[in-house]
Amino acid sequence: MVKKELISRSPLRIFEKSIHGGVGKGKIGVIASKKGVGKTACLTHIAVDKLLRDRHVIHVSFAGSVDHIISWYDDIFKEIAKKRELEDAPKVQEDLIKNRVIMNFSQAGTSVEQVIGSLKAMIDEGHFPANSIIFDGYNFEEGSPESLKKLAAFAEEMGLEIWFSASLKGETPKFNDNGVPVDLERYLDVIDVLVDLRYEGAFVHLEVVKDHGDVESRDMKLRLDPKSLLIAE
Amino acid sequence: MSFDITKMRNIGISAHIDSGKTTLTERILFYCKRIHAIHEVRGKDGVGATMDSMELERERGITIASAATNVTWKDHPINIIDTPGHVDFTIEVERALRVLDGAVLVLCSVGGVQSQSITVDRQMKRYNVPRVAFINKCDRTGANPYKVKDQLVEKLGHNAVLMQIPIGLEDKLEGVVDLVRMKAVYFRGPSGEELVEEEIPEALKAEAAEKREEMLDAVSMFSDELMEAMMEENVTEELVHDAIKKGTLSLELTPVYMGSAYKNVGVQSLLDAVIAYLPNPLQIENKALDVDNDEAEIVIQPGDEQPTIALAFKLEDGQYGQLTYIRIYQGCIKKGDELYNIRSRKKFKVGRLIKMHSDHMEDITEAHSGEIAALFGIDCASGDTFTGNGANWSMTSMFVPEPVISLAVTPVDKKAADNMGKAINRFTKEDPTFQTYVDPESNQTIIKGMGELHLEVYIERMKREYNAEVETGAPQVAYRETISQRADFNYTHKKQTGGSGQFGRVAGFIEPLEEGEYEFVNEIKGGAIPTEYIPAVDKGFQMSLKKGSLIGHPVVGVKVTINDGQSHAVDSSDMAFQTAAIGAFRDTYAKAKPIIMEPIMKVNVEGPNEFQGNIFASINQRRGMIVSSAEEGMFCQVEAEVPLSEMFGYSTNLRSLTQGKAEFTMEFQKYGKVPQSISEELIKEYEEKRKKEAGK
């Protein structure tokens, strides 16, 4: 398969359709689940899809090492390439890497202003024309809706979209009647798109909980393949 | 004293530039009673530190060559190899780490873990070297050993555990508290040579207790007995020592010590740690390769009775001849013994056997398993393996990075030319990453190395040590050419104009090779080209690859397949087919859409956050690609990939952009395709150069 086909046949097209085409500039999307279900895999797959479409992604992480994140991208890309028998995979991957930058912060000591400052420096002085920012590992428990609002304002100003991963507490996180995780209720106004990942039997299902204006649970008809960790139909 | 291999320690001292490593080594020599007075590194009292054999090092305050010396501390013989810190001298550090069993990682208590420490640590990990850390310069303003220990954890991923806490810091540094013995240690006497143990000062008792708990928690992971003893509250020193040793040897624990070599604080405690926790030669598994058996791995058995295996890891050309430093892995070497060099396949006799102390030599009659010694007047190269029983065993080849930058050097007069020749001869033998050749077209001598500083230092040395003043040209980048698509060839070399002629036809195709530099495939059927000429065809192609027609640089990544040809009963010969191959390549190269590749460096820049934007911009301006940036506290570390050709003068540039507060390291990463515009420029330059040469 060639790159173009890869993009057009990606399950992420279904993903986007389910959320009005995507998160959108100046908007925030969140993928939530309890620990270990597959948020990072999801986010990485979303990021790789964007990179394949020549979008520029800044991957912001608040924990762990840069090498660890790079491994994620390598693994996800490898699985995609394998699954679709991608032609000229090494060259495609090389191009992909050019469009991605990883920025690592230790959240404990870093203020949202500092993060925004650094992002701006990367985009302006680093001449990195970011379209999307992935925030992996942001601690929603310790964070605040005000911080997210600041990030949303920044996203609006720079014309980019932001995706977060949100780790829900406990073995069986609580959800309210609309399917919104209780841990995230206070953030709901600032979040434009909210997707839950939940185990149903052997598979992890993706469920849209908030889609821009609408707040109602809707199965995206997508699941996370436990072996390849790719979003699949 | 009979030789006991378990008491031996072979260690290296690795660190970031200016972390005070040379002063530390000097103190170690002093305390081990090898030298009689302590001289400051930068020659404040007119005499330089003993370890820095060269004047140049003294002036720049940096250590260049790796000197080996041995000392004895509390009945333990210790071989210390002092290694340079700058990335341009990587080969020295790599070689030292190859032959050592343990290391001391020196860090500055103010600067902490910096880019160079990261490179050095990576090297240590590559060779599985257990280490202890020493946080030096605790007498400096801003000293914060706790922060440095945290950095060891966060930046290098070590399980770093404090073994001491400081008694006072900065100008109030007095001593350290030993958390294992729970005693305060002071270093009294004019040069701190008297170790005095006292009760822990009242003010520090609580902190000491707390840090001891942390230490015990971390260390007990390596010993069930210790864990039990902790629960039963009867922890003994011995149990703790054993656990620390286990942890350190397994590479899962880095005990951290601290002090100030300059102020004579903490060095002896560090030495105690070296003998207590770093391995003896028996505790490190080394492997050799059985060359006769497909390079099968053999585990080395240290022991004097075993067949001898030794590795020559450093050469030095002195006034009396070549000195070869060796590490004996197995067996022992006595004066008069016969050894076999497996690379040169020559036997030689051991004449003088020496133990080295920086500049002076001690003659010895035998050297044992696990020791580091030196041989005199043996003709060999760095990296050669010597065996005692003629066995074809080779120590695994040492990792040698390819030079990435070259410089034309022109001596100013005839005398300089002669001296330059001598100098280059010596340098190239000592350092495989420093290479030289004469450009056949310009007749200029070209030197190649790992970076600007690497070459600069050799040029300085040429001037000072050999009186060879040279002018240098602009640094040249080691470009490569490669092909991007398959192309067929069908070439006939014919010279048949009476008398014996030449004839050969080769046909086939060339195509890009994904992995590797060159591959030759013979698919000739039915003897279209007689088998005896095939090697000549291969040779012809290989010769062609040495210089591509785009810009005269080596061609890599080519797979040649020959599938047809023709020969003549009388006129075919090796030469004919070699020439045919050369012609075939020349003709077909352009059809294969050749492209130019340039070395891309992995550049690591570290500086205060306030200059982050400037750092990003500086990389961007140099066609660099930022891979990642990591922010921690006040500092950010940026990793980027930048073409080497864009890195010249970066040092100065970065300094001015960041008020001198940022620094960078770089190492070769890969070859990458050169952008179209630059490719065109390079080709144009080359063509102009060729026209000029042709016109001469």
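Student: What is the bridge partner of I102(A) in strand 36 of chain B?

Tutor: The partner there is S628(B). Before we go on, please note that this is a predicted model, where local features need pLDDT of at least 70, side-chain atom pairs count only at pLDDT 80 or more, and totals for chains, interfaces and linings use all residues. Residues are numbered from 1 along each chain as its sequence is written, chains are lettered from A and ligands numbered from 1 in the order in which they are written, and side-chain values use heavy atoms, with hydrogens and water left out.

Student: What makes strand 3 of chain A and strand 36 of chain B a pair?

Tutor: Two strands pair if DSSP finds at least two bridges between them. Strand 3 (residues 100-105) of chain A and strand 36 of chain B have 4 bridges, in the parallel sense, so they meet the rule. Strands themselves are DSSP runs of E with at least two residues, while helices are runs of H or I with at least four, numbered from the N terminus.

Student: Which elements give two or more residues to the side of chain B that touches chain A, and how much area is buried?

Tutor: About 1300 Å² is buried between chain B and chain A, 53% of it on carbon and sulfur atoms. Buried area is the accessible area (1.4 Å probe) that two parts lose on being put together, summed over both.

Student: Why is the link between R198(A) and E207(A) called a salt bridge?

Tutor: Their side chains meet at 3.0 Å, N to O, and the limit is 4 Å, so the pair qualifies.

Student: What does the salt bridge between K670(B) and E641(B) tie together?

Tutor: The two side chains meet at 3.2 Å, N to O. K670(B) lies in strand 38 (residues 663-673) and E641(B) in strand 37 (residues 635-643) of chain B, so the pair ties together parts that are 29 residues apart in sequence. K670(B), at 32%, counts as partly exposed, and E641(B), at 15%, counts as buried.

Student: Where is G24(A), and why is G24(A) called partly exposed?

Tutor: G24(A) is in the loop between helix 2 (11-18) and strand 1 (28-34) of chain A. Its relative accessibility is 28%, so G24(A) counts as partly exposed. Leaving aside neighbours within four places in sequence, G24(A) is in contact with L160(A) and E161(A).

Methods. Buried < 20%, exposed > 50% of the residue type's maximum accessible area, 1.4 Å probe, protein only. Contact = heavy atoms within 4.5 Å.
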